[in-house]
Amino acid sequence: MEVQGKIKVIGETKEFGSNGFRKREMVVTTEEQYPQHILIEFVQDKTNLLDNFNVGQNVKVGINLRGREWVSPQGETKYFNSLNGWRIENVDQNNSAGAPPVPPSDQFEPVQDLNDDDEDDLPF
C-alpha cells in the first residue's frame, strides 16, 4: 500500500529497551478534499530512510498495515493498528527528473500522407 502527501512532521529516532529497538515517526498530510494527517512509523534500519527528507516535501510512502492484540491485566482485550513505512520517494523529484516536457500539440506538423488502406502490422 502507499500513502501520498506532504510531510508535516518528522520525529527524532527513539531507542527502546536494552536490545536497541529503534523507531521514528513521521506525519504525512494527504492532499484531498478532506486532508488526513497520517502517522507512519519507521523501525530499525528503516529509520535512516527519513534522513534525506524535510517537512514540506511531497512524498509517496510504501507502507505495511500492522495490527496487534493486547490483553490488559484486568483481562480486557484491545486491538491496535499501525502503519509501518518501508520505502519513501520524493514525488517532486520524480516529476522534474523524468522525461523532458512534451511540446504543445500545435508545434507538431499534421500528417499529410495518411492512407487508410495501409496494412497495420501491429500485433494487437
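Me: How many residues does the largest nonpolar core have, and which of them have the most contacts inside it?

Reply: In soluble globular proteins, nonpolar side chains tend to be buried together. In this predicted model, the largest nonpolar core has 13 residues. Those with the most contacts inside it are Met26, Val28, Ile40, Val59, Val61 and Ile88.

Me: Which strands each supply at least two residues of this core?

Reply: They are E1 (2–10), E3 (21–29), E4 (37–43), E5 (58–71) and E6 (77–90). The largest share, three residues, comes from E5.

Me: What does Met26 touch, leaving out residues up to four places away in sequence?

Reply: On that count, Met26 touches Ile7, Val9, Ile10, Ile38, Leu39, Ile40, Phe42, Leu50 and Ile88.

Me: Is glutamate 12 buried or exposed?

Reply: A residue is called exposed when its relative accessible area is over 50%. Glutamate 12 has 63%, so it is exposed. Its place is in the loop between E1 and strand E2 (14–16).

Me: Which residues does glutamate 12 touch, not counting those up to four places away in sequence?

Reply: Glutamate 12 touches Lys23 and Arg24. As for glutamate 25, it lies 13 residues from glutamate 12 along the chain, and the C-alpha atoms of the two are separated by 7.5 Å.

Me: How many aromatic pairs are there?

Reply: The count comes to one aromatic pair. The ring centres of phenylalanine 16 and phenylalanine 21 are 6.5 Å apart. Planes under 30 degrees apart count as stacked and over 60 as edge-to-face. Here the planes are at 45°, so the pair is tilted.

Me: What is the relative accessible area of phenylalanine 16, and of phenylalanine 21?

Reply: Phenylalanine 16 is partly exposed at 40%, and phenylalanine 21 is partly exposed at 35%.

How values were computed
Residues numbered from 1 in each chain as written. Predicted model: local features only at pLDDT ≥ 70, side-chain atom pairs only at ≥ 80, totals over all residues. Heavy atoms only, no water. Core = buried A, V, L, I, M, F, W, Y, C linked by side-chain atoms within 4.5 Å. Buried < 20%, exposed > 50% of the residue type's maximum accessible area, 1.4 Å probe, protein only. Helix = DSSP H or I, 4+ residues; strand = E, 2+ residues; numbered from the N terminus. Contact = heavy atoms within 4.5 Å. Phe/Tyr/Trp six-rings, centres within 6.5 Å; stacked < 30°, edge-to-face > 60°.
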